[in-house]
Structure formats: structure tokens, C-alpha cells
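Hi,

Here's the structure I said I'd pass on to you. Have a look at it first, and then read my notes below.

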Amino acid sequence: MLVRLIVRRLLALILVLLALSLVTFVLSHVVPGDPARLIAGPRASQQAVEITRHKYGLDRPLYDQYLTYIKGVVTFNFGTSLSSLRPVRSDLASYFPATAELALAALVLSLVVGFPLGILSAIRPNSIIDNIARVISITGIATPVFCLALLAQYVFFVKLKWLPDGGRLPPGSTPPRTITGLYTVDSLLTGHWSLFLLALKYLLMPACVLAYSTLPLITRQLRGAMLEVLSMDFIRTARSKGLTERSTILRHALRNAMLPVVTIIGLQVGLLFSGAVLIEIIFSWPGIGRYALTGVTNFDYNAIMAVTIVIGFCYVVINMLADIAYFLLDPRISSQ
């Protein structure tokens, strides 16, 4: 059953990426703008522009360009960036780790804060903790992320001067030796504790802002699921058998409440990668969000398509992992 589930999800992954690449390819080629003119330069002659157009295959029919692009994607060749004139694969290798670090840090913060808050809110409804969770949920959902980002910069950088306003490290600082591309992880692996603290300081504010958009959904979903589970007969039976409240909550109630929460987490992790685009722009975070913005500005459709496919791939894979976790957590699905 688990193998069939994985096979179905992998087939769906291929179909989703094909559809995503097709839509992105068509849209990126019908918008106004001439990539050949951009590459050749504003002062280039028309002959130089035509030579550039032929060099990069921009004079071929769209279907031929698309088939060539798909053949390249299969071998992880996304073409050449029309703005940086580097292989897009190299650009993604440089920018994606920054986005991954930001999204993973936001996820960890959401889980570390959201799980205790959701559990305590369900155990003590209408208490101070429940009211705090309600306020966090309402403000987190209602406040646009860019407003929260600008407010955080004003408070923690301009007024309090506790945190930097953007970037991954101070200008002129030497990054740690690349192992994973995540500055915090690489600095730990190489034993540079001072660099780890510095990278963590720069990561904290954008990660907290991004996490605040995910935290409310996790908290409210877990609270609602816990309230429903705590009212079930098997919880009363566990308590009547003399199990401690902690054991009843963590071993019995939480596992059953986790089922809908896993689905929410899977969806939110995918949204973290796509939602990091705006955060990267505001905090000058050198991730694929800023890379995509540069691609849109310069009509660099190779970069735009690569970013879209990578984010779509991450989204589908993460949700596939969530489905597998759901399968393992729910014995009713496992037995079918």
C-alpha cells in the first residue's frame, strides 16, 4: 500500500511539473519584451540582436523551444540565464540554500511555538493561554506579511537596534565553508561558533516574520483537533484506567490529533518556500525569491521557469511526504 501511494504521488509529481512548466513557458514568452535585445544591450544594432536571438535559440518556434527546454530539465539543465549569462543550474545552487535555510528556520519556529500553544489552548480553553493563542492567530492571519516585516524592521532595527535589517551576514564577512549551503549549519559543522551566532542573528528576524504567517494555522488546527479528541470515549477510558494526564495527552490524544495537522503542515511548508519571495526582497535575503524578481525584471524566462519548477517540485514532494506521514500515523489507512 505504501509503495503504491509513493508511485501515485511520483506520477502526479511528473504531471504537475509538466503542466507547471508549460503554463510558465507560455506566459513568459507572450509578455512584452525582447530577451535578445536585453542580452545584446540597448545600443546593439539590429543585426547583433538577430545574431544573439539565433545563438540562444529564440528564433525557433515555441513548441520547439519548449521541447528542447524539457529535454534539458530532465538532465537538470535549465539553460543559460539571460541576465547573469551563467547556467541557471549554477545560479540555483547559489541562491536556493538561502531560501531553504529561511523556510526551514520559519518551520522550526512555527512548530516549536505552535505545538505547545495549541496543546495548552485545548487543555485549558478560555484561559489566558487560549486568549493569547487566539490573538496571535487573528493577527497572524489578518496582517499582511510585508506590513509585519516592515514593522519588525522599524522596531528591532531602527528603534531598539537589536537585530540587523537584512542580509545573511555583515558586508565583508567571510561565509563558512560550503557544505550544505546553510550558513548556520555549515558554521556549526566547521566549528565556527561565533559565525554561527552571527548568522543566527541575521536569520532571526526574517524567519520570525515568515513563521508568524504559518503559526496561526498550525496552532488553531491543533487546538481544534485536540478539543475533538479529548472529548472522545477512549480518552475517558484512558483516564479511568489511571493513566497520568501527561501520558493521556501526549501518547493518546496528540497522536490522533496529529492527523489533520500533518496535512496543514505539509501545505504550509510548501507555502513557506513560495512565501519567502516577499520576505527575501524586504530583508535583502539572497535567495531564489530575489533571483526570480531579477528574472521577471529582465525578462529572463529561463530563470523564471527554473524557479517556478523548483518551488513546484518542493511543494509536491513535501506534500507527498505529508501523505506518507499521514499513512503511517493512521492505522485505518495502513490496513486498507
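When I say that residues meet or touch, I mean a contact, with heavy atoms within 4.5 Å. Keep in mind that this is a predicted model.

Let's start with a pair of helices. Val 88, Asp 91, Leu 92, Tyr 95, Phe 96 and Thr 99 of α5 meet Ile 288, Gly 289 and Tyr 291 of α13. By type, the residues of this contact split into six nonpolar, two polar and one charged.

How do you describe a pair like that? For two packed helices, you give the angle between their axes and the distance between the axes. Here, helix α5 (residues 88-123) and helix α13 (residues 288-297) have axes that come within 8 Å and cross at roughly 135 degrees. So α5 is oblique to α13.

Next, the inside. The largest nonpolar core has 45 residues, and Leu 102, Leu 222 and Met 226 have the most contacts inside it. Among the elements that give two or more residues to this core are α5, α7 (145-159) and α9 (193-212). The element that gives the most is α12, with 14 residues.

Another core, of 23 residues, lies apart from the largest one, and includes Leu 13, Leu 17, Phe 25 and Ile 311.

Beyond its neighbours within four places in sequence, Gln 65 is in contact with Phe 25, His 29, Gly 57, Leu 58, Arg 60 and Tyr 301.

Cheers

Notes
Residues numbered from 1 in each chain as written. Predicted model: local features only at pLDDT ≥ 70, side-chain atom pairs only at ≥ 80, totals over all residues. Heavy atoms only, no water. Axes fitted to C-alpha atoms, helices over the stretch in contact; angles between N-to-C directions. Helix = DSSP H or I, 4+ residues; strand = E, 2+ residues; numbered from the N terminus. Parallel < 35°, antiparallel > 145°, perpendicular 65-115°, else oblique. Nonpolar A, V, L, I, M, F, W, Y, C, P; charged D, E, K, R; others polar. Core = buried A, V, L, I, M, F, W, Y, C linked by side-chain atoms within 4.5 Å. Buried < 20%, exposed > 50% of the residue type's maximum accessible area, 1.4 Å probe, protein only.
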